[in-house]
Amino acid sequence: MNGLLELPFTNNNVCIALSGGLDSTVLVHALVKEYGNHRVKALSFDFGQRHSIELDMAKKTSELLGIEHSVYKLDYLKEIAMETSALIEGSKLKPKTAEENAGDPQVNTYVPFRNLQFAAITAAYAEAKGSNIIFQGLNAVDEYGYWDTSLEFTKRVNAILELNRQNQVKFIAPFVELYKDDELQLAKSLSKHFGYDILEHTWSCYNGYGEEHNFKECGVCNTCTEKLTGYVQAGYDDEVILNKFNVDQSAIDVTKAGLKIY
């Protein structure tokens with residue numbers, strides 16, 4: 001698919017952890033194109049995230065695609081991570097900017113073992129529903145600050161899943177060695193296929209949705225910087241970027257000049 005993505009053949013349903021962010025939204029569209037909407041099951045997780053608008057985006061995407069979508073509340077994760085993760089709503093910690101996070105091997109928006117729990121729950125759902133493949137939109141650019149987005153992480157999870165004596169489930173992260181601009185190029189192709197901008201209903205900003213950022217993604221938190229840079233590198237028009245992020249033209253110009261903005 002677009003020279004970037006190869007998805008495995010299967011006669012069964014497939015399941016995806018759909019956050020509502022860029023990675024999983026692009027991936028779920030790729031899955032529907034490959035397998036058909038009747039064979040794709042999406043799971044989202046409400047763990048008390050600061051940017052809970054992503055759940056609304058996941059719901060909207062699922063409705064557009066006509067796929068089965070379930071949302072599971074993980075209140076315990078909010079309670080556990082309240083004092084350690086800036087990603088939790090109500091935490092006294094605030095998401096750092098990309099510059100503040102530079103060089104930190106574990107950024108302050110990390111939620112302890114979040115992706116492992118998402119994988120385990122999605123695998124449980126898949127086994128119960130007769131599916132043998134689960135997907136997550138893990139991305140190579142995130143590995144610097146999140147150990148649970150790496151290729152090694154996917155290998156270790158699969159090693160655990162292989163212990164299942166009767167109903168083995170395969171964990172696949174097709175973007176784990178790709179970068180944001182790769183995904184955004186794929187998004188262009190998928191948008192043409194589906195006949196609408198598949199990125200319209202995505203949200204990645206960890207600072208949440210609000211008037212303080214003109215109801216746009218802030219453009220300065222770590223995840224926004226990665227996403228904005230990907231948009232520039234993938235050749236999106238400046239107007240599209242300015243409509244998505246609460247930044248001015250200078251942020252785009254700096255990126256185009258090849259300079260780091262983090």
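How far is the sulfur of Cys221 from the closest cysteine sulfur? The distance is 3.6 Å, to Cys224, too far for a bond. A disulfide is defined as a pair of cysteine sulfur atoms within 2.5 Å. A search of the whole structure finds 0 disulfides. Cys221 is buried, with a relative accessible area of 1%, and Cys224 is buried at 0%. Buried means under 20% relative accessible area, exposed over 50%, and partly exposed in between, for a 1.4 Å probe and protein chains only.

The model is predicted: local features need pLDDT of at least 70, side-chain atom pairs count only at pLDDT 80 or more, and totals for chains, interfaces and linings use all residues. Residues are numbered from 1 along each chain as its sequence is written, and side-chain values use heavy atoms, with hydrogens and water left out.

The structure holds 1 cavity of 30 Å³ or more. About 550 Å³ of space lies in the largest cavity. Of the 34 residues that line the largest cavity, the closest to its centre are Ser19, Asp23, Arg114, Asn115 and Tyr206. A cavity is a set of points, on a 1 Å grid over the protein atoms alone, where a 1.4 Å probe fits but cannot get out; lining residues have an atom within 4 Å of a point. Grid points are joined across faces, edges and corners, and a volume is the space filled by probe spheres set on the points.

Several elements each supply at least two lining residues, among them helix H1 (22-35), strand S2 (40-46) and helix H5 (114-129). H8 gives the most, with 4 residues. Helices (H or I, at least four residues) and strands (E, at least two) are DSSP runs, numbered from the N terminus. By class, the lining has 13 nonpolar, 14 polar and 7 charged residues. Ala, Val, Leu, Ile, Met, Phe, Trp, Tyr, Cys and Pro count as nonpolar, Asp, Glu, Lys and Arg as charged, and the others, Gly among them, as polar.

Helix H2 (53-65) also supplies at least two residues of that lining. Buried residues of H2 include Ile53, Leu55, Met57 and Leu65. Their cover includes H1, S2, strand S3 (68-73) and helix H7 (180-194). Gly66 follows H2, and its phi is positive, near 70°.

Asn101 lies in helix H4 (residues 98-101). Asn101 counts as buried at 2% relative accessibility. Leaving aside neighbours within four places in sequence, Asn101 is in contact (heavy atoms within 4.5 Å) with Lys96, Val107, Asn108 and Asn222.

Definitions and conventions. 1 Å grid on protein atoms, 1.4 Å probe; cavity = no way out; pocket = protein on both sides within 12 Å on 5 of 7 lines; lining within 4 Å.
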